Amino acid sequence: MQKNYTSLGLMSGTSGDGVDASLIKSNGVDKFQVIKESYFQYDSSIYEGIHNLKELIHNSKDLNKYQKEINELARKITIFHAKVINEFDLTDQDCLIGFHGQTIYHNADEKISLQLGDGKLLNQLSKKKIIFNFRKQDILNGGNGAPITPIFHQLIATQKKIKLPIGILNIGGISNITVIKEPIG
């Protein structure tokens with residue numbers, strides 16, 4: 001029998017307007033069930049901070065130039081995410097929290113992707129297991145920095161028994177496509 005996991009995914013997209021949160025149960029392979037989903041809008045200081053920084057950061061050198069502003073905003077975003085976690089009143093002590101953070105700079109060719117948010121601080125604030133740095137680890141291992149999306153697309157195709165091969169277009173801030181040629185396993 002496969003173990004079921006309870007996970008809370010936290011995602012803030014290119015619009016930088018807030019956090020989408022989804023609490024699910026999954027066996028981690030081919031089944032998932034949504035328990036609760038909610039959207040939490042950033043306050044104006046976080047929203048403006050994100051968009052002001054995006055206007056200032058044009059290359060990797062700007063990351064050093066604006067390090068103080070980056071650190072301050074990362075802390076605010078982390079504290080905001082801790083409040084989101086508290087809204088879910090999680091009783092499962094083994095619940096995993098997927099923390100994406102807010103992408104402020106991404107360049108797969110340079111192997112740099114910076115998400116605002118501090119996974120270690122979020123762990124301290126929430127007392128939960130925090131999984132983070134998805135993009136960075138994917139890029140360092142030869143990917144383009146979006147490792148979870150294709151896994152989720154595969155899961156949807158499997159659970160919905162969609163005939164393969166298929167392509168799924170994600171038209172978020174930076175469009176990408178997942179091509180699924182064969183089933184899991």
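In which sense, left-handed or right-handed, does α3 pass α4? Select both helices and look: the crossing is right-handed. Keep in mind that this is a predicted model.

**Stop 1: the helix pair**

Two packed helices are described by the angle between their axes and the distance between the axes. Here the axes of α3 and α4 come within 9 Å and cross at roughly 40 degrees. Now show side chains. From α3, pick R75, T78, I79, H81, A82 and I85. They meet L121, L122, L125 and S126 of α4.

**Stop 2: around α4**

Stay on α4, residues 119-126. Which of its residues are buried? Select G119, L121, L122 and S126. They sit on the same side of α4, because they cover an arc of only 155 degrees around the axis. Turn the helix over. The face away from the buried side carries K120 and Q124, both exposed.

Next, display what covers the buried residues. The cover includes α3 (67-87), β4 (96-107) and β6 (129-131).

Then check the two ends. D118 caps the N-terminal end of α4. One of its side-chain oxygens lies 3.0 Å from the backbone nitrogen of K120. After α4 comes K127, with a positive phi near 60 degrees.

**Stop 3: I104 in β4**

Move to β4 and select I104. Is I104 buried or exposed? I104 counts as buried, because its relative accessibility is 7%, and the cut-off for buried is under 20%. Show its contacts. Leaving out residues up to four places away in sequence, I104 touches I50, L53, K54, I57, L114 and L116. The C-alpha atoms of I104 and Y39 are separated by 20 Å, and the two residues are 65 apart along the chain.

**Stop 4**

Select β1 (residues 5-12) and β2 (residues 18-26). They run antiparallel and are joined by 7 bridges. In the hairpin of β1 and β2, 5 residues lie between the strands. There, G16 takes a positive phi near 60 degrees.

Find A21, which stands opposite S38 in β3. The hairpin of β2 and β3 has 5 residues between the strands. G28 in that hairpin has a positive phi near 80 degrees. While the side chains are on, remember a rule for viewing: in a regular strand they alternate between the two faces of the sheet.

**Stop 5**

Most residues other than glycine have a negative phi, and most peptide bonds are trans. The next selections depart from that pattern.

- K111 is in the loop between β4 and β5 (112-116). Its phi is positive, near 60 degrees. Its relative accessible area is 48%, so K111 is partly exposed.
- K161 is in the loop between α6 and β7. Its phi is positive too, near 55 degrees. K161 counts as exposed, because its relative accessibility is 72%.
- P165 is in the loop between α6 (148-159) and β7 (166-170). Which kind of peptide bond joins L164 and P165? The bond is cis, with omega about 0 degrees.

Conventions:
Residues numbered from 1 in each chain as written. Predicted model: local features only at pLDDT ≥ 70, side-chain atom pairs only at ≥ 80, totals over all residues. Heavy atoms only, no water. Pairing = 2+ DSSP bridges. Helix = DSSP H or I, 4+ residues; strand = E, 2+ residues; numbered from the N terminus. Buried < 20%, exposed > 50% of the residue type's maximum accessible area, 1.4 Å probe, protein only. Arc of directions from axis to C-beta. Contact = heavy atoms within 4.5 Å. Polar contact = N/O pair within 3.5 Å; in protein donor to acceptor, adjacent residues only side chain to side chain. Axes fitted to C-alpha atoms, helices over the stretch in contact; angles between N-to-C directions. Left-handed = near helix turned anticlockwise from the far one by under 90°.
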